[in-house]
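The entries follow the order in which I looked things up.

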Amino acid sequence: MTGPGSATGSGATQPTPGQRRPWVVGVSGASGTPYAAAVLRGLLDAGADIDLVISRAARLTLLDETGITWSQSGWATCLAEWVGRSADVLSVRVRHWAPGDLGAGPASGSYPTRGMVVVPASTASVAGIALGLSKDLLQRAADVTIKEGRRLVVVPRETPLTSITLEHLLSLARAGVVVAPASPGFYTGAQTVADLVDFVAGKVLDNLGVEHQLLHRWSGQLGTSSGPNAAGSPGHARGSERPGGWS
Ligand SMILES: Cc1cc2nc3c(=O)[nH]c(=O)nc-3n(C[C@H](O)[C@H](O)[C@H](O)COP(=O)(O)O)c2cc1C
């Protein structure tokens, strides 16, 4: 299966056998760098190659949320500190591109990739991609991903959303882009913030067609999550239970 709905991300451009075919990961300047780190770890753990684009604004959120000062020349060390993997492994598996490098590989449809994820996606990047602005490499790579019929997953993080952003997201969805908001579910028995982050990353990887163990999948039975407020747990309000077992 090819086209925007393809889980394999195999677009019109076919690579030669054995050719490197990375996932492009675009990190824009919305809050939510832990989501990006979890997706990157998931891709690495699945054995995928990655082309990484960090927007200029994302350097600010990264600094604010992790204390890491991103450096172009020392990117592998910065990435190792951020995602908790060795810089040696990362320098082999990850190709890092500067956000202003419009001559980079992912700026062209003839450069083979599996597809792309923008995580987190700022409203500015959502707008730029929806309008086809290609004002930087992240937006251009996303535009290329859409035009080549490869899988693009966008993870918006903003609240509340304006009608402007909602219309941009609708345009993306109509173009075959998977819009996967950073909105963790609580039905999997999350106990920690990391569990909630992994839930979002897991849903992203599901939509890229990448195997992972980041979330407990719904079993089809209510009250089986192990969270603090799960049915049967000490925190659960038993008095308000409904016949079906949930409250
Ligand atoms: C600390 C910080 C947090 C931000 N959080 C968000 C956010 O959650 N969502 C959003 O859309 N923009 C957020 N912004 C604003 C974006 O960074 C800004 O719109 C920027 O132009 C996005 O550029 P980019 O899409 O090229 O990365 C934040 C900015 C800063 C400095």
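**Entry 1: H5 against H7**

I began with helix H5 (residues 123-130) and helix H7 (residues 163-174), whose axes come within 9 Å and cross at roughly 50°. I kept in mind throughout that this is a predicted model. I noted the crossing of H5 and H7 as left-handed. On the H5 side I listed Thr123, Val126, Ala127, Ile129 and Ala130 as making the contact, and on the H7 side Thr165, His168, Leu169, Ser171 and Leu172. I sorted the residues of the contact of H5 with H7 by class and got six nonpolar, four polar and no charged.

**Entry 2: H5 against H6**

Next I took H5 with helix H6 (residues 137-147): the two axes come within 9 Å and cross at roughly 45°. H5 and H6 are therefore oblique to each other. I recorded that H5 passes H6 in a right-handed crossing. From H5 the contact is made by Ser125, Gly128 and Ile129, and from H6 by Leu138, Gln139, Ala142 and Asp143. For the contact of H5 with H6 I wrote down three nonpolar, three polar and one charged residues.

I also looked at the loop between H5 and H6, where Ser134 is found. Phi of Ser134 is near 50°, a positive value in a residue other than glycine. I marked this because most residues other than glycine have a negative phi.

**Entry 3: H1 against H8**

I then turned to helix H1 (residues 33-45) and helix H8 (residues 193-208). Their axes come within 9 Å and cross at roughly 50°. H1 and H8 are therefore oblique to each other. My note on the handedness is that H1 passes H8 in a right-handed crossing. The H1 residues of the contact are Pro34, Tyr35, Ala38, Val39 and Gly42, and those of H8 are Val197, Asp198, Val200, Ala201, Val204 and Leu205. By class, I found nine nonpolar, one polar and one charged in the contact of H1 with H8.

**Entry 4: The sheet**

In what order do the strands of the open sheet lie? I read the order of the six strands as E3-E2-E1-E4-E5-E6, with parallel pairing. At the edges I found strand E3 (94-97) and strand E6 (178-179), each of which pairs on one side only.

I followed one pair in detail. Strand E4 (residues 115-121) and strand E5 (residues 151-156) run parallel and are joined by five bridges. Val118 stands opposite Val154 in E5.

**Entry 5: Peptide bonds**

The bond from Val119 to Pro120 is cis, with omega near -10°. I placed Pro120 in strand E4. The bond from Thr159 to Pro160 is also cis, with omega near -5°. Pro160 is found in the loop between E5 and H7.

**Entry 6: Around the ligand**

Which residues come nearest to the ligand? Of the 16 residues around the ligand, I found that Gly29, Ala30, Ser55, Ala57 and Ser125 come nearest. The elements that give two or more residues to this shell are helix H2 (56-66) and H5. H2 gives the largest share of the shell, five residues. I sorted the shell by class as five nonpolar, eight polar and three charged.

Conventions. Residues are numbered from 1 along each chain as its sequence is written. This is a predicted model: local features need pLDDT of at least 70, side-chain atom pairs count only at pLDDT 80 or more; totals for chains, interfaces and linings use all residues. Axes are lines fitted to C-alpha atoms, for helices over the stretch in contact, and angles run from 0 to 180 degrees between N-to-C directions. Helices (H or I, at least four residues) and strands (E, at least two) are DSSP runs, numbered from the N terminus. A crossing is left-handed if the near helix is turned anticlockwise from the far one by less than a right angle, and right-handed if clockwise. Two residues are in contact if their C-beta atoms, placed from the backbone, lie within 7 Å. Ala, Val, Leu, Ile, Met, Phe, Trp, Tyr, Cys and Pro count as nonpolar, Asp, Glu, Lys and Arg as charged, and the others, Gly among them, as polar. A residue is near a molecule or strand if its C-beta atom, placed from the backbone, lies within 6 Å of it. Two strands pair if DSSP finds at least two bridges between them. Angles under 35 degrees count as roughly parallel, over 145 as roughly antiparallel, 65 to 115 as roughly perpendicular and the rest as oblique.
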